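Please look through the model below with these notes beside you. They are meant for careful reading, one point at a time.

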Amino acid sequence: NANAAIVASVNIVFLIKGLRFTLSATDFTNPEGVQYRHTIIGSDASSWSDWDNKPEVNTTNLKEGSYTLVVEAKDALGRISRTASYSFVILTPWYRT
């Protein structure tokens, strides 16, 4: 069963146009069989993604605000990990403060 961890929050400058999160889960018996799904709470489309074996999440055009990336992993036997979350804030541009 894949384990998950919770990470502290971070502030991000508004000028960044996109973010990439790299994911990993431990499955020594069949690492190629691990799949991931995610949601970003606070975004316009905050529903869960489909399961995918690509271990990354790419985001673009997020407005300033608070977000939480929530991720689950599933091994080849269908066992789903605990959720892992990563909170981040995209700061308001300096010219609008």
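Predicted model: local features only at pLDDT ≥ 70, side-chain atom pairs only at ≥ 80, totals over all residues.

1. Residues are numbered from 1 along each chain as its sequence is written, and side-chain values use heavy atoms, with hydrogens and water left out.

2. Strands here are DSSP runs of E of at least two residues, numbered from the N terminus, and buried means under 20% relative accessible area with a 1.4 Å probe, protein chains only. In a regular strand the side chains alternate between the two faces of the sheet.

3. Strand 4 runs antiparallel to strand 2 (residues 18–22), and five bridges join them (strands pair if DSSP finds at least two bridges between them). Within this pairing, Arg20 has Asn58 of strand 4 as its bridge partner.

4. Why does Glu72 count as buried? Glu72, which is found in strand 5 (residues 65–74), counts as buried because its relative accessibility is 11%. Leaving aside neighbours within four places in sequence, Glu72 is in contact (heavy atoms within 4.5 Å) with residues including Trp48, Trp51 and Ile80.

5. The lining of the second largest pocket takes its largest share, three residues, from strand 3 (residues 35–41).

How values were computed. Helix = DSSP H or I, 4+ residues; strand = E, 2+ residues; numbered from the N terminus. Buried < 20%, exposed > 50% of the residue type's maximum accessible area, 1.4 Å probe, protein only.
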